[in-house]
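Dear colleague,

Please find below the structure that I am handing over to you. I would be grateful if you would look through it before reading my notes.

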2 protein chains.
Amino acid sequence: MKNQTKYKVAIAGATGLVGTEIIGILGSRRFPVDKLKLLASEDSAGEIHEFRGEALHVSLLEEDAFIGVDIAFFATNSELSRKYVPCARSEGAVVIDNSAAYRMDMDVPLVVPEVNGFKLVDHDGMIANPNCSTVQLVMVLKPLLKHVRIKRVVVSTYQAVSGWGKRAMDELIEQVRDLLTFKEIKVNVFSKQIAFNCIPQIDVFTSNGNTGEEEKIINETRKILDMKDFRITATAVRVPVFNGHSQAVTIEFDSELSVEKARDILTQSTGIVLLDDPANSEFPVAVQVTGHDEVYAGRIRKDHSVEYGLNLWTVSDNLRKGAALNAVQIAEELIKLPNLGRRKK
Amino acid sequence: MKNQTKYKVAIAGATGLVGTEIIGILGSRRFPVDKLKLLASEDSAGEIHEFRGEALHVSLLEEDAFIGVDIAFFATNSELSRKYVPCARSEGAVVIDNSAAYRMDMDVPLVVPEVNGFKLVDHDGMIANPNCSTVQLVMVLKPLLKHVRIKRVVVSTYQAVSGWGKRAMDELIEQVRDLLTFKEIKVNVFSKQIAFNCIPQIDVFTSNGNTGEEEKIINETRKILDMKDFRITATAVRVPVFNGHSQAVTIEFDSELSVEKARDILTQSTGIVLLDDPANSEFPVAVQVTGHDEVYAGRIRKDHSVEYGLNLWTVSDNLRKGAALNAVQIAEELIKLPNLGRRKK
């Protein structure tokens with residue numbers, strides 16, 4: 001396989017929001033696909049999706065669906081990943097899993113290529129793609145960390161409904177329509193009304209009072225930065241935005257980092273766009289960033305409540321850099337490596 | 001006037017969102033109104049509003065509109081307050097001003113009755129009503145501060161459009177309608193699209209990179225708590241919610257304050273409702289809190305990124321406790337005092 005230049009690729013969960021983005025991104029970034037296999041559960045198997053001008057049928061996601069596959073993207077929920085990732089691995093595919101199922105496993109690299117791409121050189125057949133909010137956060141923390149030590153991070157998120165999936169986007173639009181026509185709304189996907197409301201709950205509550213999403217932000221950030229005691233706290237909030245996550249990030253440093261220096265650092269960082277000219281109303285917002293690959297940063301300013309602190313505001317397309325794009329970028333790095341980066345046995 | 005039991009009351013800016021709330025709250029709380037004078041600019045003068053079953057005409061806000069008035073509520077912008085507050089004071093009215101014009105003046109008490117109502121006993125004819133986000137924040141900080149010293153606060157806000165006024169509510173609904181019918185949206189009130197978006201700008205940008213709203217939260221909190229070096233940083237964000245501000249509050253303490261103790265303290269605090277049972281999806285959200293008087297708190301949990309820290313989530317009706325209700329509560333306290341709390345000359 002070392003000299004192979006095109007790859008047999010499968011996407012499990014190909015018809016969901018993230019799966020669909022992966023199809024599009026593989027095409028637009030000209031990933032060397034030999035054959036693309038789209039897989040989904042019974043509800044969607046049989047659908048037709050377009051890839052590079054070709055109509056592809058969606059096949060059923062089942063145990064023997066991965067025969068002959070080199071790279072398998074999983075854009076499924078944790079339950080389905082746990083069920084089918086082992087099948088893909090046993091068929092010899094390298095798995096890039098977008099679910100939370102394996103992210104914290106010691107043996108599974110959790111990778112944002114710009115941040116810790118070096119972890120890809122020695123894996124055992126699978127890579128985990130981090131939570132969307134985590135990707136967005138570490139993309140700005142890592143370049144700053146290279147210059148100054150970080151003492152503590154406080155992050156509050158403003159997360160779009162697309163992070164949950166299609167049904168959540170439908171629920172937002174239906175609730176908005178019902179409210180505008182004075183009908184009673186239906187609440188199914190979220191625990192409360194999402195239209196014209198903010199819900200401080202993403203994922204289930206854990207025993208320490210954090211939600212699953214908040215725990216992911218904390219634990220995955222520590223794993224990716226390889227700093228197990230990294231001091232970070234998070235409040236994750238769902239907002240009535242279709243796509244594009246925003247974050248208010250408060251960072252306390254060990255020593256001085258000026259606003260200008262932070263701007264320089266982020267401007268020069270791969271995958272980040274600085275939009276930071278408040279006098280001209282220039283700062284990133286979700287509706288502008290949707291469809292873009294980069295993490296956008298702005299509103300960098302001194303936090304005078306600590307000796308050395310900065311506040312900043314970041315926005316990212318949670319379906320792209322937060323999910324599909326990052327997964328494809330992982331694959332792009334893997335194909336540069338001997339044997340797709342697999343550990344020598 | 002000392003033995004007077006009913007008061008001649010004026011409301012400047014009576015037809016705006018806050019002014020209208022003041023009319024309603026004066027009625028529902030049976031404030032001892034002898035005569036109510038509604039004042040507004042040319043656009044709204046002549047309108048008819050109902051008060052205690054009576055139809056009142058709105059008169060023009062002009063220099064001699066305050067003759068014979070005992071208590072004048074100002075629900076105007078800073079410019080109008082600067083112009084007409086002096087007229088009301090020179091006529092002998094005690095002014096309760098909701099604008100930002102005089103809040104930071106040394107000689108003007110800035111009051112949330114539950115927090116620093118004692119400041120009402122010695123004023124020079126005017127009281128300032130704090131910014132809505134500040135009210136909401138100090139309502140939870142003060143009771144906690146009575147038990148443990150606070151080292152630092154980080155607050156991120158999720159602020160409803162009603163805080164800007166009626167035109168902002170119209171803009172949100174029009175943008176939503178236009179987007180749902182595939183029309184081009186109009187952006188007038190805010191610097192960016194507000195429908196299905198989050199805008200990290202409330203008020204203008206100041207020279208240090210904070211917005212006016214963030215500066216108000218910081219400076220007014222310090223003034224109300226009477227702690228001029230209180231360490232606090234804020235990110236103020238407008239969200240597509242009609243009414244009800246939410247806040248993610250991260251508090252670092254000087255010593256231990258358990259989650260249970262914090263819950264007890266807030267449960268026993270006047271003007272606060274604790275809604276904190278995540279296992280049963282019980283936490284406050286904007287659409288539930290609209291129309292209620294109290295500041296709602298929930299999601300109290302340990303912040304493990306510091307030795308002694310808590311995170312919490314608060315929601316408040318920004319037009320009520322954040323504005324109109326607090327103003328009326330100030331008036332309720334004033335009428336208990338000799339000479340409405342005026343300083344002896």
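This is a predicted model: local features need pLDDT of at least 70, side-chain atom pairs count only at pLDDT 80 or more; totals for chains, interfaces and linings use all residues.

Residues are numbered from 1 along each chain as its sequence is written, and chains are lettered from A and ligands numbered from 1 in the order in which they are written.

Chain A contains nine helices and 13 strands; helices (H or I, at least four residues) and strands (E, at least two) are DSSP runs, numbered from the N terminus. The C-alpha trace of chain A spans about 60 × 60 × 40 Å along its principal axes. A compact globule of 345 residues would have a radius of gyration near 20 Å, and the 20 Å of chain A agrees with this. That radius is taken over C-alpha atoms, and the globule rule is 2.2 Å times the number of residues to the power 0.38.

The same surface serves both copies, as 100% of the contact residues of chain A recur in chain B. Two residues are in contact if their C-beta atoms, placed from the backbone, lie within 7 Å.

In chain B, the axes of helix 1 (residues 17-28) and helix 9 (residues 320-334) come within 9 Å and cross at roughly 50 degrees. Helix 1 of chain B is therefore oblique to helix 9 of chain B. Axes are lines fitted to C-alpha atoms, for helices over the stretch in contact, with angles from 0 to 180 degrees between N-to-C directions; under 35 degrees counts as roughly parallel, over 145 as roughly antiparallel, 65 to 115 as roughly perpendicular and the rest as oblique. Among the residues that meet are B:Val18 and B:Ile22 in helix 1 of chain B, and B:Ala324 and B:Val328 in helix 9 of chain B.

Helix 4 (residues 132-145) and helix 6 (residues 212-225) of chain B pack at about 40 degrees, with their axes 10 Å apart. These two helices of chain B are therefore oblique to each other.

A colleague
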